[in-house]
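Dear colleague,

Please find the structure below, handed over for your use.

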Amino acid sequence: MSSFSQRHIGPQAADLEAMLATVGVADLDQLVEETLPAAIRTDRPLQVPPALTEAEALERLASYAADNEVWRSYLGTGYHGTHTPAVIRRNILENPGWYTAYTPYQAEISQGRMEMLLTFQTMVESLTGMPIANASLLDEATAAAEAMTMSWRIARHRRRAFFVDAAAHPQTIAVVRTRAEPLGIEVVVGDPQTLDLAADGERFFGMLVQTPDTEGRLHDLSALCAAAHDAGVLVTVAADLLALVLTRSPGSMGADIVVGNSQRFGVPMGYGGPHAAYMATRDQYKRQMPGRIIGVSRDADGHVALRMALQTREQHIRRQKATSNICTAQVLLAVIAAAYAVYHGPEGLTAIARDVHDKARRLANAAAAAGLEVAGGARFDTVVVDVGDRLDDVLEKARRRRINLRVLDERRLLIALDETVRETDLHDLADVLGARREDLGAACPDIAIPPALQRTEPVLDHPVFSRYHSETEMMRYLKRLENKDLSLTHAMIPLGSCTMKLNAAAEMAAITWPAFAALHPFAPREQAMGYKRLFTDLEQWLADITGFSAVSLQPNAGSQGEYTGLLTIRAYHRDRGEGHRDVCLIPTSAHGTNPASAVMAGLEVVPVACDDHGNIDIDDLRRQVEAHADRLAALMVTYPSTHGVFEEAIRDICAQVHESGGQVYMDGANMNAMVGLARPAEIGADVLHLNLHKTFAIPHGGGGPGMGPIAVASHLAPYLPDHPVVPGVGGDKPLGTVSAAPWGSPSILPISWAYIAMLGPDGLTLASKLAILNANYVARRLEEAYPVLYKGSRGRVAHECILDLRHFHAVSVVDVAKRLMDYGFHAPTMSWPVAGTLMVEPTESESRFELDRFCDAMLAIKAEIDEVEAGRQPADDNVLRNAPHTARCVSADTWEHPYSRQQAAWPDDWSRVHKFWPAVRRVDDAYGDRHLVCACPPWGEGEQH
């Protein structure tokens, strides 16, 4: 093994012999032969380059970074320079205690990041003037598209047209158009100020307007919102959070939904992402809102506890009837934005906003004094200048100073300022425009915004935004929150279908380098040649790993990859004159995002049954294919299956679909069992999405970011997504645009690049083998206590196994999941894909020691279950039913349970030395939904302070 392989792969050489013996095989090759059907194993070794050492990989990435040129970009369009406070960068962005946690499904060990997400929601609610917000969306453009479909649901599909402000950002318009077309929604782009809603309003179910708009103009939307409501039209406003510090909130002007980006709250531009978008709405629409929402509830002792609220809206429960296909959002970036607001507070944010606004005012004054025509109207941070026939001269002056300006037309330039602009930058901009520096004048505290547009509402008036302004206090606050959450820094997180593998420090190193982090996504491509090299490498490597011809990096989440893959299939059929093909076959075991994505792509979902062994029911598949042969668009299939096995009949399954004119979409969620061993394209798939945040080591970030690029066969390559601002992206018959930025979230792609580069072909293949070994080792150790529900024909599982707990009568799977917290573990995936089970995926990164520790905990819990099942412990008061146990609970003055405090909190030797304490007792989910509170509670009622 290479040196990095030795670091990445958990089991050491000395452990392998014992582990293989436990599993019952002589070597890894025998295990692979018994696990993967011979028909799917590839006979072509990976062609990715030989493994680099950590030092060599970082040196190569540094050379790529050197090929990027970080100019001063004043291009606006929703992206701005920002300062990430060092205390936030070091303690959150570069801290594995934050970035290696998972989505907070297990609330009791996720209170820290949920507290910060609740703060994010509170921040958004305050600035937008809306009563409820979600805990982030993928980017501003997709948030606007989600607002459109949300409005359509609220309107019950009675109207089919959606009006979009022509002055919205171009990428937003493009994504909205792409999202609308498969659903049959007509998008009308125009000037909302000239729209006659009294006459034409009956056409529209909703509209999108932007303030400040893409040219920087602020708008009073009060009259427009009133007229829209009179016509039965819902109004979505895309708004800039920093501008809202000084300007009237959309809520006060009558908005129904507000969306936008929190990027300029301390999150680097990163050549396009990742960033946390937001959405806020009226209270009566909360059950139609997409995305995760954090709510306030209480625990078993009545103490304030946080949880994910209103989950019945989501794809993992409602499937094709969900509000959205969103699974991963942008938690880590939302946490950073919220921390930025907490650290600066209302006074600090006001000072930043005033400074940005004042510099724009001063530059506009200098340009006007030089005789240039400066666009009028209320503005926050943007100057638009008509330079006449001097455009080329001005741009050349800017280039000599390494400045990027946005060209609006043959005469006009746009300059969008931000908090990073210094006085010397203003001088350079004045020089570029031919203005005199002295005409910039001095800084002025007055706001040059009309009084009718100035904010009168309080800004961030919750105490959390006024407490932590010294670095000492902020550091301790962030550490207190971190300590409430279980991450990979504490223990393995054996979540099935989630692939919580090591996110190596060397892989993470480059994401904060300015040459990767500080580029504007719409900077000229010649300034991003390092990124181009990285994209080219990654696309070629992913194509080789999957066996496909082309790759698009644009989808910025797994759910987006699913959606994009289906859109390529839809575009292919339409291009061939078979646009009537609109049926998508989906096994009943599929992840909920699959049917939700299919509906978004305009397809009719037809479920396919699974047999008793967890495989697709071949007879039912044949019936469904025959019944829908003329309309069959696609089959969505996860491989290995969501039941954790390699289906023997996968080639025949693909052939059946192809024979009837359909295409095969393969969900790559379980690709961690296949890299180097099998290629989806060789099996028969036509398109595949990859979760780079699973198989290729991007951390989950507590619920995002993720990346979901798609790989396609040659016949689908022409339809890959393009971009309205950056040319040369996508195929020659593009399906449209699916993300705000051309390459999704580029600043985290160095992580996957480094993962592949440092493992090389041999290490990648070995990682797959060890993922399979670790899963089979856990299965073998636990199968007598917890039957393994599904196995392949030779008794093997793939990279995960499903433990059956349905035979227990007095104890539930929830009890076991919560009890694992007392042992210091995050539970495996609970009751999915089968209710009453736990799905375990250990990944290749976990050592034999950690696997044994988990298995020992599960076996100890089985002994505790036996005590309850036998009646030796009461069914309503036992160590499982009362789990988890907190420090407050076990240190109480009284203890009336029939088991000891030691058994409750320190059930094994490890926990007596390395105790991780859940922050709260078991959370009352029903109470939280009945008494919905989605903002920080007043201090005195909670524990935030």
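What volume does the second largest cavity have? The second largest cavity has a volume of about 190 Å³. Here a cavity is a set of points, on a 1 Å grid over the protein atoms alone, where a 1.4 Å probe fits but cannot get out, and lining residues have an atom within 4 Å of a point. A volume is the space filled by probe spheres set on the points, which are joined across faces, edges and corners.

This is a predicted model, in which local features need pLDDT of at least 70, side-chain atom pairs count only at pLDDT 80 or more, and totals for chains, interfaces and linings use all residues. Residues are numbered from 1 along each chain as its sequence is written, and side-chain values use heavy atoms, with hydrogens and water left out.

The lining of the second largest cavity comprises 15 nonpolar, five polar and no charged residues (nonpolar: Ala, Val, Leu, Ile, Met, Phe, Trp, Tyr, Cys and Pro; charged: Asp, Glu, Lys and Arg; polar: the others, Gly among them). The largest cavity holds about 220 Å³ of space, and its lining divides into six nonpolar, twelve polar and six charged residues.

There are 66 salt bridges (a side-chain nitrogen of Lys or Arg within 4 Å of a carboxyl oxygen of Asp or Glu). In one of them, aspartate 381 pairs with arginine 264, with the closest N and O atoms 2.9 Å apart. Both aspartate 381 and arginine 264 are buried (under 20% relative accessible area, 1.4 Å probe, protein chains only).

How values were computed:
On a 1 Å grid over the protein atoms alone, a cavity is a set of points where a 1.4 Å probe fits but cannot get out, and a pocket is an open set with protein on both sides within 12 Å along at least five of seven lines; lining residues have an atom within 4 Å of a point. Buried means under 20% relative accessible area, exposed over 50%, partly exposed in between (1.4 Å probe, protein chains only).
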